[in-house]
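Welcome, and thanks for taking a look at this one with me. Below are a few numbered notes to read alongside the picture.

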Amino acid sequence: MSQSEFRECFYLYARSDHIKSLDELTVIMRSLGLSPTISELAGYFKHKVGKMTFADFLEVMHVHSRVENLPKEIVDAFKAADPEGRGTIPAKQLRHLLQNWGEKLSSKEVDRIFREANVNNNSMVKYEDFIKIACAPVPDYY
(Lines give C-alpha, C1' and ligand atoms only; values in the text may rest on other atoms or scores of the structure.)
Protein backbone atom coordinates (compact mmCIF):
# COMPACT_ATOMS: atom_id res chain seq x y z
CA MET A 1 0.00 0.00 0.00
CA SER A 2 1.19 3.45 -0.79
CA GLN A 3 1.21 6.62 1.25
CA SER A 4 -1.37 8.11 -1.13
CA GLU A 5 -3.75 5.21 -0.35
CA PHE A 6 -3.21 5.81 3.36
CA ARG A 7 -3.85 9.55 2.89
CA GLU A 8 -7.03 8.99 0.88
CA CYS A 9 -8.44 6.55 3.42
CA PHE A 10 -7.40 8.68 6.39
CA TYR A 11 -9.12 11.82 5.09
CA LEU A 12 -12.17 9.85 3.97
CA TYR A 13 -12.87 8.64 7.51
CA ALA A 14 -11.05 11.04 9.86
CA ARG A 15 -13.24 13.93 10.89
CA SER A 16 -11.55 17.31 11.42
CA ASP A 17 -8.32 16.13 9.76
CA HIS A 18 -7.41 13.89 12.68
CA ILE A 19 -8.64 10.67 14.26
CA LYS A 20 -10.54 11.38 17.46
CA SER A 21 -11.58 7.91 18.53
CA LEU A 22 -10.52 4.30 18.65
CA ASP A 23 -13.54 3.48 16.46
CA GLU A 24 -12.29 5.79 13.70
CA LEU A 25 -8.82 4.22 13.82
CA THR A 26 -10.39 0.75 13.68
CA VAL A 27 -12.51 1.60 10.64
CA ILE A 28 -9.59 3.19 8.78
CA MET A 29 -7.14 0.34 9.39
CA ARG A 30 -9.67 -2.36 8.58
CA SER A 31 -10.79 -0.55 5.43
CA LEU A 32 -7.15 -0.77 4.32
CA GLY A 33 -7.36 -4.56 4.65
CA LEU A 34 -5.46 -4.82 7.92
CA SER A 35 -6.63 -6.86 10.88
CA PRO A 36 -5.31 -5.26 14.08
CA THR A 37 -6.56 -6.63 17.36
CA ILE A 38 -8.46 -4.43 19.80
CA SER A 39 -5.47 -4.36 22.17
CA GLU A 40 -3.12 -3.33 19.32
CA LEU A 41 -5.50 -0.54 18.31
CA ALA A 42 -5.83 0.66 21.90
CA GLY A 43 -2.04 0.67 22.25
CA TYR A 44 -1.59 2.73 19.10
CA PHE A 45 -4.26 5.23 20.11
CA LYS A 46 -3.38 5.75 23.77
CA HIS A 47 0.02 7.24 22.90
CA LYS A 48 -1.67 9.99 20.90
CA VAL A 49 -3.65 11.49 23.80
CA GLY A 50 -7.10 11.75 22.26
CA LYS A 51 -6.30 12.64 18.66
CA MET A 52 -4.11 11.30 15.89
CA THR A 53 -2.80 13.35 12.98
CA PHE A 54 -1.99 11.94 9.56
CA ALA A 55 1.72 11.86 10.50
CA ASP A 56 0.85 9.87 13.65
CA PHE A 57 -1.26 7.53 11.52
CA LEU A 58 1.64 6.91 9.11
CA GLU A 59 3.82 5.99 12.09
CA VAL A 60 1.17 3.52 13.28
CA MET A 61 0.92 2.01 9.81
CA HIS A 62 4.69 1.55 9.71
CA VAL A 63 4.72 -0.18 13.10
CA HIS A 64 1.69 -2.33 12.33
CA SER A 65 2.99 -3.45 8.93
CA ARG A 66 5.78 -5.24 10.81
CA VAL A 67 3.20 -7.03 12.95
CA GLU A 68 1.20 -8.15 9.91
CA ASN A 69 4.36 -9.38 8.16
CA LEU A 70 5.25 -11.64 11.08
CA PRO A 71 3.69 -14.77 9.50
CA LYS A 72 5.93 -14.34 6.42
CA GLU A 73 8.99 -14.26 8.66
CA ILE A 74 7.82 -17.42 10.41
CA VAL A 75 7.18 -19.19 7.09
CA ASP A 76 10.67 -18.16 5.94
CA ALA A 77 12.14 -19.72 9.10
CA PHE A 78 10.30 -22.99 8.42
CA LYS A 79 11.43 -22.92 4.79
CA ALA A 80 15.04 -22.52 5.92
CA ALA A 81 14.64 -25.72 7.95
CA ASP A 82 13.01 -27.52 4.99
CA PRO A 83 15.87 -28.11 2.52
CA GLU A 84 13.79 -30.45 0.35
CA GLY A 85 11.07 -27.81 0.05
CA ARG A 86 8.25 -30.21 0.96
CA GLY A 87 6.32 -27.51 2.83
CA THR A 88 5.54 -29.86 5.70
CA ILE A 89 6.78 -30.67 9.18
CA PRO A 90 5.91 -33.70 11.33
CA ALA A 91 3.28 -32.71 13.92
CA LYS A 92 5.42 -34.21 16.70
CA GLN A 93 8.34 -31.97 15.72
CA LEU A 94 6.04 -28.93 15.54
CA ARG A 95 4.68 -29.76 19.01
CA HIS A 96 8.25 -30.01 20.33
CA LEU A 97 9.15 -26.60 18.86
CA LEU A 98 6.03 -24.93 20.28
CA GLN A 99 6.60 -26.38 23.75
CA ASN A 100 10.36 -25.78 23.97
CA TRP A 101 11.19 -22.62 21.99
CA GLY A 102 10.21 -18.98 22.39
CA GLU A 103 7.28 -18.55 24.74
CA LYS A 104 7.20 -22.32 25.46
CA LEU A 105 3.53 -23.13 25.17
CA SER A 106 1.98 -25.66 27.51
CA SER A 107 0.78 -29.02 26.26
CA LYS A 108 -2.84 -27.84 26.66
CA GLU A 109 -2.14 -24.68 24.62
CA VAL A 110 -0.59 -26.75 21.83
CA ASP A 111 -3.54 -29.16 21.96
CA ARG A 112 -5.92 -26.19 21.56
CA ILE A 113 -3.96 -24.78 18.59
CA PHE A 114 -3.74 -28.22 16.96
CA ARG A 115 -7.50 -28.70 17.40
CA GLU A 116 -8.22 -25.30 15.84
CA ALA A 117 -5.85 -26.04 12.94
CA ASN A 118 -7.20 -29.60 12.57
CA VAL A 119 -3.77 -31.17 13.19
CA ASN A 120 -3.41 -34.81 14.16
CA ASN A 121 -0.39 -35.63 16.37
CA ASN A 122 0.79 -38.31 13.91
CA SER A 123 0.35 -36.27 10.73
CA MET A 124 2.51 -34.09 8.56
CA VAL A 125 1.56 -30.41 8.87
CA LYS A 126 1.60 -27.95 5.98
CA TYR A 127 3.39 -25.21 7.89
CA GLU A 128 2.17 -22.30 5.73
CA ASP A 129 -1.47 -23.27 6.38
CA PHE A 130 -0.77 -23.88 10.07
CA ILE A 131 0.93 -20.48 10.49
CA LYS A 132 -2.02 -18.66 8.87
CA ILE A 133 -4.35 -20.22 11.42
CA ALA A 134 -2.04 -19.88 14.44
CA CYS A 135 -1.13 -16.25 13.71
CA ALA A 136 -4.62 -15.03 12.83
CA PRO A 137 -5.81 -12.24 15.12
CA VAL A 138 -8.32 -13.20 17.77
CA PRO A 139 -11.78 -12.01 16.71
CA ASP A 140 -13.10 -8.93 18.51
CA TYR A 141 -15.97 -10.85 20.07
CA TYR A 142 -13.70 -12.94 22.34
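Which residues form one aromatic cluster? Keep that in mind as you go through the points; please also note that this is a predicted model.

1. **The aromatic cluster.** The opening question has a five-name reply: F6, F10, Y11, F54 and F57 form one aromatic cluster. Across the structure, there are eight aromatic pairs. Two of these pairs are worth a visit in turn.

2. **F6 with F57.** The rings of F6 and F57 make an edge-to-face pair, with 6.3 Å from centre to centre and 85° between the planes. F6 belongs to helix α1 and F57 to helix α4, so this pair ties together parts that are 51 residues apart in sequence. Both F6 and F57 are buried.

3. **F10 with F54.** Here the ring centres of F10 and F54 are 5.3 Å apart and the planes stand at 65°, so this pair is edge-to-face. F10 is in helix α1 and F54 in helix α4, so the pair ties together parts that are 44 residues apart in sequence. Are these two residues buried or exposed? F10 is buried, with a relative accessible area of 0%. F54 has 9% relative accessibility and counts as buried because the limit for that word is under 20%.

4. **H64, also in helix α4.** Helix α4 covers residues 54-68, and H64 is found in it. With a relative accessibility of 0%, H64 counts as buried. What does H64 touch, leaving aside residues up to four places away in sequence? Its contacts are M29, L34, S35, P36, E40 and Y44.

5. Helix α1 runs over residues 3-13, and Y13 lies in it.

6. **Domains.** How is the chain divided by its domain assignment? The assignment gives domain 1 (3-67) and domain 2 (70-135). The centres of domain 1 and domain 2, taken over C-alpha atoms, are separated by 32 Å.

7. After that, step back to view domain 1 and domain 2.

Technical notes:
Residues are numbered from 1 along each chain as its sequence is written. This is a predicted model: local features need pLDDT of at least 70, side-chain atom pairs count only at pLDDT 80 or more; totals for chains, interfaces and linings use all residues. Side-chain values use heavy atoms; hydrogens and water are left out. Helices (H or I, at least four residues) and strands (E, at least two) are DSSP runs, numbered from the N terminus. Buried means under 20% relative accessible area, exposed over 50%, partly exposed in between (1.4 Å probe, protein chains only). Contact means heavy atoms within 4.5 Å. Domain bounds come from an automatic or database domain assignment. Rings of Phe, Tyr and Trp (its six-membered ring) pair if their centres lie within 6.5 Å; planes under 30 degrees apart count as stacked, over 60 as edge-to-face and the rest as tilted.
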